[in-house]
Amino acid sequence: MSHASRTAPRICPLCEATCGLTLTIEGTTVTGARGDRDDIFSRGFICPKGASFGGLDADPDRLRVPLVRGEDGELREASWDEAFDRIAARIPALAEAHGPQAVGVVLGNPNVHTMAGSLYPPLLLAALSTRNVFTASTLDQMPKHVSSGLLFGDANAIPVPDLDRTDHLLLIGANPLESNGSLCTAPDFPGRLRALRRRGSTLTVIDPRRTRTARLADRHVAIRPGADALLLAAMAHVLLEEKLTDPGALAEHLEGADELAVALADFTPDAVAAACDVDAATITALARELAAAPTAAVYGRIGSCTVEHGTLASWLVDVLNILTGNLDRPGGALFPLSATARAPRAAAPGKGFALGRWASRVSGHPEAKGELPTAALAEEIETPGEGRIRALIVLAANPVLSAPDGDRLDAALAGHLDFMVSVDPYLNETSRHADVVLPPPPPSQSAHFDFAFNSFAVHNQVRYTRAPIPLEDGRMDESEIHARLILAVSGMHGAPPSAVDDLAIATAITKAGAPEELADELTGRSGPERRLDLMLRLGPYGLTLERLLAHPHGIDLGPLKPRVPEILRTRSGRIELLPAPIAADLPRLRRALGDRPAPLVLVGRRHLRSNNSWMHNVVSLSGGSNVCTLQVHPDDAARLGLVDGATVRIESAGGGIEAPAEITDTVRSGVVSLPHGWGHSRPGTRMAVAAAHPGANVNQLLDGTLLDPLSGTAVLNAIPVTVTPSP
């Protein structure tokens with residue numbers, strides 16, 4: 001039976017760019033996806049991931065009903081009621097017998113790509129009262145949260161580069177032509193950079209690889225991996241020493257400028273040049289060019305976060321923007337204001353941001369932003385004693401591949417847990433260990449709103465798309481899955497899922513000091529829509545869900561504007577340039593001046609047609625450039641006896657893996673590069689495409705002991721390795 005073709009708008013949930021799509025639908029099948037030319041933010045741009053929407057949506061390996069582990073130890077299909085009955089019988093009992101810390105929670109990257117993943121995990125954590133929380137942030141951007149918390153008093157107050165108006169953009173550890181941006185939501189990042197060049201602005205890229213982004217730049221500096229903080233500190237030193245600083249309107253809101261100059265006195269260009277492998281003249285030129293530009297923005301990402309001094313590097317990015325007067329001004333780096341943000345309040349001192357309010361049980365790692373290092377998850381499960389994690393709830397995460405030493409975590413999940421729940425569409429390397437697997441529906445059957453990414457958008461806007469295809473019989477909406485999970489673990493099993501949303505709405509109204517009657521005015525077909533309506537009404541623009549629905553391609557809320565001092569939440573009410581934890585960590589950076597790296601170090605890389613470990617099962621995205629190869633410079637290949645395409649052995653502190661060599665001068669000598677998210681070779685998964693091209697798990701080279709101490713973020717780049725031809 002044929003079905004008439006129709007189209008529907010849908011925001012793409014597959015990366016941080018949040019592009020608008022126009023889906024072609026026949027019956028209940030997505031048959032095509034193109035860029036939505038009327039989308040007020042993305043203007044028709046689409047990348048290969050967005051174009052693959054239909055393939056991912058209809059992936060035959062996606063789970064359709066819950067899985068429950070039987071008495072024989074095997075997972076079998078079950079009803080939703082049976083699955084939640086099992087959870088309600090086990091999690092509360094374990095928490096009662098062993099305390100709330102016996103339950104751990106892992107939140108993966110995909111949570112911020114769905115409405116449910118943004119709205120419900122905070123309620124789950126509140127219901128559990130556990131401090132054993134682990135997220136993808138400590139494998140990625142936690143250094144930026146920590147540095148922002150220390151500078152501005154709010155860990156989520158993260159400035160983004162004003163791409164469309166800046167005269168000078170300096171990127172360090174970022175490759176947005178292939179990653180589409182991160183903590184910087186910008187559809188068509190490549191087009192925005194090309195427009196930047198066309199209007200005569202300058203693009204500088206600091207990266208050990210000659211990436212696609214670096215090839216577009218006016219200046220590419222091939223820094224030695226891991227030396228980002230040293231180079232940035234030297235640039236700040238030049239600005240201070242040569243009196244090139246001009247904070248402008250920020251001057252009256254700064255604290256600690258004099259102390260900063262003293263703290264950075266030793267980081268001269270000559271002192272850092274050898275450790276960075278960048279000559280002093282180039283470092284000085286970078287600083288002078290930044291100061292001379294009419295407007296400028298420094299932007300650092302994962303390459304400068306997932307290193308030994310990740311928090312210091314993230315802090316110095318903002319220090320440079322502050323010293324040059326480019327923080328919080330058009331053309332510089334500004335703080336977005338999303339439609340669901342809290343309405344601005346009068347500037348006043350706040351509670352500030354604290355680190356280390358508690359510590360992990362085994363190694364004593366201090367918490368950051370309420371989280372413990374994901375690298376510590378395995379030891380918290382396997383080490384006996386009071387407070388051991390006995391039950392684990394994993395929401396859209398695959399830490400066996402994404403965290404260091406996946407073999408150790410794999411064994412801990414298999415042999416040391418009493419109970420495990422996964423909310424995941426796939427039976428992957430992590431969810432295969434669960435006692436209950438709860439699969440959310442495909443994205444075409446889900447509504448979409450970007451709560452997180454609108455807070456990092458380079459232009460203020462708001463968009464919402466309802467599910468273009470009705471929920472298939474037998475499936476459960478992701479929001480209902482989360483709500484029923486909360487009820488099951490909190491002793492309210494059997495209550496209607498709407499009770500969770502009603503409580504969230506009542507709490508939000510009380511916290512905002514709004515009248516209780518506001519709850520009766522909310523519109524929407526579901527609890528999440530009513531919650532969205534409330535957040536829009538309480539937000540800075542006074543919007544409503546009805547108004548948003550009347551604009552299916554979005555509402556333009558205008559360019560970014562200065563927001564200091566309103567955004568400051570420090571105890572002083574000022575930008576604290578040299579917070580005590582940063583000052584205490586600088587001696588460690590100073591000691592790095594004398595370090596000389598290993599002959600060969602490893603860095604990661606992004607692929608345009610991939611997103612961590614969760615898109616390797618889509619046929620249209622496999623193959624081509626999206627392959628797991630070890631990139632090696634020709635000089636290193638000749639020295640080591642490596643042949644292009646031949647299998648090589650890579651070894652480091654955590655272990656050894658094998659991968660094909662790709663000899664290329666796009667990496668500098670002394671550096672090799674392997675993408676992350678691979679390693680789909682473990683038994684018991686149901687991801688046929690990924691298993692056919694498993695690749696190597698780069699994180700198996702890491703033993704998990706090396707962390708950035710301020711943020712607890714795993715060091716994933718600048719890892720010493722040896723590479724030899726495979727026997």
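Tutor: Quick ground rules: residues are numbered from 1 along each chain as its sequence is written, and side-chain values use heavy atoms, with hydrogens and water left out. As the model is predicted, local features need pLDDT of at least 70 and side-chain atom pairs count only at pLDDT 80 or more, while totals for chains, interfaces and linings use all residues.

Student: What makes the contact of α10 with α15 nonpolar, polar or charged by class?

Tutor: Contact means heavy atoms within 4.5 Å. Among the residues that meet are Asp228, Leu232 and Leu239 in α10, and Leu312, Leu316 and Leu323 in α15. By class, this contact has 14 nonpolar, no polar and one charged residues. Ala, Val, Leu, Ile, Met, Phe, Trp, Tyr, Cys and Pro count as nonpolar, Asp, Glu, Lys and Arg as charged, and the others, Gly among them, as polar.

Student: And why is α15 called roughly perpendicular to α24?

Tutor: α15 and helix α24 (residues 580–591) pack at an angle of about 115°, with their axes 10 Å apart. The roughly perpendicular class takes in 65 to 115, so that label goes to this pair. Thr311, Leu312 and Trp315 of α15 make the contact with Ile582, Asp585, Leu586 and Leu589 of α24. Sorted by class, there are five nonpolar, one polar and one charged residues.

Student: What makes α10 oblique to α13?

Tutor: Their angle is about 60°, with axes 9 Å apart, and helix α13 spans residues 280–292. That value falls among "the rest", so α10 is oblique to α13. The contact includes Leu231 and Val238 of α10, plus Ile283 and Thr284 of α13. Its classes are ten nonpolar, one polar and no charged residues.

Student: How do you know which spaces are called cavities?

Tutor: On a 1 Å grid over the protein atoms alone, a cavity is a set of points where a 1.4 Å probe fits but cannot get out. By this rule there are four cavities of 30 Å³ or more. The largest cavity holds about 90 Å³ of space. It has 14 lining residues (an atom within 4 Å of a point), and the closest to its centre are Lys144, Ile158, Pro159, Tyr299 and Gly300. By class, that lining has eight nonpolar, three polar and three charged residues. β13 (297–300) and α15 each supply at least two residues of the lining.

Student: What is the peptide bond from Val564 to Pro565 called, and where does Pro565 lie?

Tutor: That bond is cis, with omega near 10°. Pro565 sits in the loop between β19 (555–558) and β20 (575–576).

Student: What phi does Ser129 have?

Tutor: Near 55°, a positive value in a residue other than glycine. Ser129 is in the loop between α5 (121–128) and β7 (133–135).

Notes:
Helices (H or I, at least four residues) and strands (E, at least two) are DSSP runs, numbered from the N terminus. Axes are lines fitted to C-alpha atoms, for helices over the stretch in contact, and angles run from 0 to 180 degrees between N-to-C directions. Angles under 35 degrees count as roughly parallel, over 145 as roughly antiparallel, 65 to 115 as roughly perpendicular and the rest as oblique. On a 1 Å grid over the protein atoms alone, a cavity is a set of points where a 1.4 Å probe fits but cannot get out, and a pocket is an open set with protein on both sides within 12 Å along at least five of seven lines; lining residues have an atom within 4 Å of a point. Grid points are joined across faces, edges and corners, and a volume is the space filled by probe spheres set on the points.
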